[in-house]
Amino acid sequence: MTSIPFDIVGFDLDGTLLDTSGDLAAAVNYAIATDGRPPFPVDAIRPFVGKGAKVMLERALTASGGYDDDLLARMLPILLDYYEQNLAIHSIPYPGLLEAMTALEQAGLKLAICTNKAERFTIPLLHQIGLSDRFASVVGGDTLGVAKPDPAPIHEMIARAGGGRTIFLGDTINDIAGARNAGIPSIAVSFGFLDGPVEQLKADAVIHHFDELLPLLKNWLGGPA
Ligand SMILES: O=C(O)COP(=O)(O)O
Ligand SMILES: [Mg+2]
């Protein structure tokens, strides 16, 4: 028995479990350089992330002079191929994540992932970081053909993990709205790829470091269930 009122802790990937911004920025910058556009600093790329690689590229192209459909169609495969070859050069778990995961597992909880990143990148990235064996389920942005904030991938993550009371952690409105749409409580991480104050996400709770996760869950007072 655990004193934590959940069976599954679900996580977003980019900006929540892993700081992938260095590798995402390198892929965007590689692609836009083929059109002669100057690189973005990593900090500028972070707010572009959260709705998949295509939206990330669209946002980068909008911010660097605009684009048409032909340019987007030419550049997207360049970005995707580069990223696939360079998934984990700079990407690292956020501080305290590995300890928090171990503590949650020892408390009897299952861990799961629902990301808007395509499976083609998600599965090898987790493998390269050494985390593939730790999650009861992993659902990507293309697993079902619909992505967060649609609740379907979060429901799928829960079902594939065996079902049970679930809480979801994320760094963007897609995650927090997705959890709300799925009828489960949420926690926003303030260290992710925010595009505004973390309070704007209106999650049920906020953590600033993974050290806060276990105590928060042990003392969870409820939130929408
Ligand atoms: O790849 C993305 O844009 C988003 O991925 P995330 O849902 O794990 O943040
Ligand atoms: Mg994210």
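Tutor: Happy to! The shell around ligand 1 divides into four nonpolar, five polar and four charged residues, where Ala, Val, Leu, Ile, Met, Phe, Trp, Tyr, Cys and Pro count as nonpolar, Asp, Glu, Lys and Arg as charged, and the others, Gly among them, as polar. This is a predicted model, in which local features need pLDDT of at least 70 and side-chain atom pairs count only at pLDDT 80 or more, while totals for chains, interfaces and linings use all residues. Residues are numbered from 1 along each chain as its sequence is written, and chains are lettered from A and ligands numbered from 1 in the order in which they are written.

Of the 13 residues around ligand 1, the ones that come nearest are Leu13, Asp14, Thr115, Asn116 and Lys117; a residue is near a molecule if its C-beta atom, placed from the backbone, lies within 6 Å of it. Ligand 1 lies between domain 1 (8-19 + 92-218) and domain 2 (21-85), because both give residues to its shell. These domain bounds come from an automatic or database domain assignment.

Now for the two domains themselves. Taken over C-alpha atoms, the centres of domain 1 and domain 2 are separated by 24 Å. Their contact takes 13 residues from domain 1 and ten residues from domain 2, with two residues in contact if their C-beta atoms, placed from the backbone, lie within 7 Å. On the side of domain 1 that touches domain 2, the residues divide into four nonpolar, five polar and four charged.
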